[in-house]
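This report describes a protein structure for a reader who has not seen it before. Please look over the sequence and the structure, then read on.

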Amino acid sequence: MSQSNKQIVLETRNSAMVLTVGSHQKLFQSYLGARFNRSADYAAVQSTRRESYIAAGMEDLFEPAIRVVHADGNPSLALRYVTHTSSKKDDNTIETIITLKDPQYALQVLLHYVTFNKEDIIKTFTEIKNQEKGTITLSNYASAMLHFDASKYWLSHFDGDYMTEMRMKETQLTTGIKILDSKLGARAHMYRSPMFYLSLDKPSSEREGELIAGTLGWSGNFQNTFEIDQQNGLRVISGMNPYASDYKLEAGKTFTTPEFIFTYTQKGKGQASRNLHDWARNYGVLDGNKPRMTLLNNWEATHMDFNQDLLVELFDGAKKLGVDLFLLDDGWFGNKYPRDADKTALGDWQEDKKKLPGGIGYLVRQADAKDLKFGIWLEPEMISPKSELYEKHPEWVLKLQNREESLSRNQLVLDLINPKVQDFVYNVVDELLTKNPGVAFIKWDCNRMMTNAYSPYLKNKQSNLYIDYTRSLYNVMARLRNKYPHLPIMLCAGGGGRTDYGALKYFTEFWPSDNTDGFERVFIQWGYLNFFPALTVSSHVTSMGKQPVKFRTDVAMMGKMGYDIRVKNMTEEEIKFSNAAVITYKRISDVIWFGDLYRLISPYEEPRAVLMYADKHKNKAILFNYILNFRRKEYLGKVKLDGLDPDKNYRIEEINMMPDAKSVLPENGEVFSGDYLMKVGLNLSAGKVAAITSSVIEITATN
Ligand code: DGJ
């Protein structure tokens, strides 16, 4: 191989990727790993074994990144390097665009690599430009193809179902293909999630191990493919799921894939999460560096059984707790078919005159009078067959014309691909906000997947449906964000399901699960916190679990805390505790939202979970300790802290205790060096240890 091969070096603070233009102008991935100290050393990584973005129909016999059937029916693609450009997006971000072209066809593929230096993140996506004379068909269109050559590969992935989201599993990959995907249409995950860790050579721990953490920013069908070839090489392909989605791309059009976001580190899963969190706050989540509001939601408290007076009474509960906002959930709309149960009215977004004679305006004013902000639930993409909207526009619904309607939660999905439907959805939100400028928060729900889907609008291009639906949703969101750039909106999909960085550009937080049992939430939130920062993970104190309010509150505090509870049914002591907890949370939330997360003890490894957040200056840390199960005389060792400055001294103080409770933490009130705390740790299971107990420890630098 000649030393004069052209190289493209992509670097972040600690990682690097090298692409090499080899024989026949093909582009190869020569390196992905730690950044070299001397840039001259990159010249030594010249491997041209693995083509960067492999096209189907030519020499390669494994899974392709792209497959194209040209306008003339030819099913092959040869990609040759033409040129590349690198441009600075800001002081921290460089975008490199590599143009590849088929010598026989007027088809270009542009590979985008965006490097975020400080955060050690690389984001990749692809543009496919059809400059041929006719329509081409795309049947694979990866956002990323990455190659690895390790001795062994370990994949950690997250799966579950409604109420059991984000259960972590780890497995060694063997020869063949492992596909993690979804075909849910209106959301990315439920049974399987697009987030993963891939460890090289051996499983990674929190602090050690070479790995990438990656996820696709896409709110629709995804596919993550892991294929080991005959030489033990692993290719990872991430993108929209090609399932039932041969995409017809007309002449002159460009097809842009979603973004695959990943980080490479040699410092274990903890570092990978911190990289993703930093990137998410700076680039991935709307207003990711801004504070969030605490709230009281009424879903679990009342379901749809409420009226104006009851809601105003609930406002008093919000005041007693001391939260910022009251969030009115499902059930406030519909007149011809009032929304008293989940069978009617989606699409008829007018206030139910019986339940709310004064309308939303009255509620906003009442909330305002009590110095509370007001938020509201919407599910704008959906339609109930029993609705005025359905009577008026049966052609606006995704359904197979010659089959029975396939209902889920008694509802259907609107054909958002139709621009008229996009206008309708946009107007629903816009009119609500124009009429009620006091509305300060929206919960955007999406309670079903697509089944038996057919778009009347797409006519003979049905295989574009899944992709165009999600793109249409983003169109609507982009329009809304143009007019309402900072309105906080929670993303929800009948529990967790729309928890992805494609959507989070437009949303400020997400609902992780309808399972709000405190014990279960330790695991669910633990799962999401691997990939998303705490300020995006809505965590509400409810009555679902039977645990003491102290435990449920401590669990909610590890994320973005809120409530969904009948305050009237709480004891005086519980209210007193909760009010103090809200004040405490507001005082410490900066550390939780913007600090670094350290997972100290995993609930998958011990009958307890311990995690902490440390602020960027290492002056303040908050530790959460949950004892999940405890057998008599079981010994749980001391827990070594992380993320502190060894040279600073820290005061240890247990906070968020029930009124009149005394701390049993032996180190409570004492001062230790960061060095000691990270080498010896705290005795978090001293005193009367019992299952389903918890503690929150504030760690403050004294010098
Ligand atoms: C599902 C959500 O996850 C719940 O929080 C609630 O908003 C209901 N939908 C309302 O229908």
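## Salt bridges

The structure holds 43 salt bridges, each defined as a side-chain nitrogen of Lys or Arg within 4 Å of a carboxyl oxygen of Asp or Glu. Side chains of opposite charge can pair when their charged atoms come close. The model is predicted: local features need pLDDT of at least 70, side-chain atom pairs count only at pLDDT 80 or more, and totals for chains, interfaces and linings use all residues. Residues are numbered from 1 along each chain as its sequence is written, and side-chain values use heavy atoms, with hydrogens and water left out.

One of the salt bridges joins D324 and K586, with 2.6 Å from N to O. D324 lies in the loop between α3 (308–321) and β21 (325–328), while K586 belongs to helix α10 (residues 572–594), so this pair ties together parts that are 262 residues apart in sequence. Helices (H or I, at least four residues) and strands (E, at least two) are DSSP runs, numbered from the N terminus. D324 counts as partly exposed at 23% relative accessibility, and K586 counts as partly exposed at 37%. On this scale, buried means under 20% relative accessible area, exposed over 50%, and partly exposed in between (1.4 Å probe, protein chains only).

## An open sheet and its link to a loop

Three strands form an open sheet in the order β1-β2-β3, with antiparallel pairing. Its edge strands are β1 (6–11) and β3 (27–34), each of which pairs on one side only. Two strands pair if DSSP finds at least two bridges between them. Strand β2 (residues 15–21) and β3 pair in the antiparallel sense over seven bridges, and T20 stands opposite F28 in β3.

A salt bridge connects E11 and R35, at 3.5 Å from N to O. E11 is in strand β1 and R35 is in the loop between β3 and β4 (66–69), so the pair links distant parts of the chain, 24 residues apart. E11 counts as partly exposed at 26% relative accessibility, and R35 is partly exposed at 33%.

## Aromatic rings

A search of the whole structure finds 36 aromatic pairs. Rings of Phe, Tyr and Trp (its six-membered ring) pair if their centres lie within 6.5 Å; planes under 30 degrees apart count as stacked, over 60 as edge-to-face and the rest as tilted. W593 and F594 have ring centres 6.1 Å apart and planes at 80 degrees, so they form an edge-to-face pair. W593 is buried, at 4% relative accessible area. The rings of F624 and Y626 are stacked, because their centres are 6.4 Å apart and their planes at 5 degrees. F624 is buried at 0% relative accessibility, and Y626 is buried at 0%. One aromatic cluster is formed by F116, W279, Y283, Y501, F510, Y528 and F532.

## Cysteines

The structure holds zero disulfides, a disulfide being a pair of cysteine sulfur atoms within 2.5 Å. For C446, the nearest cysteine sulfur is that of C492, 8.7 Å away. C446 is buried at 0% relative accessibility, and C492 is buried at 3%.
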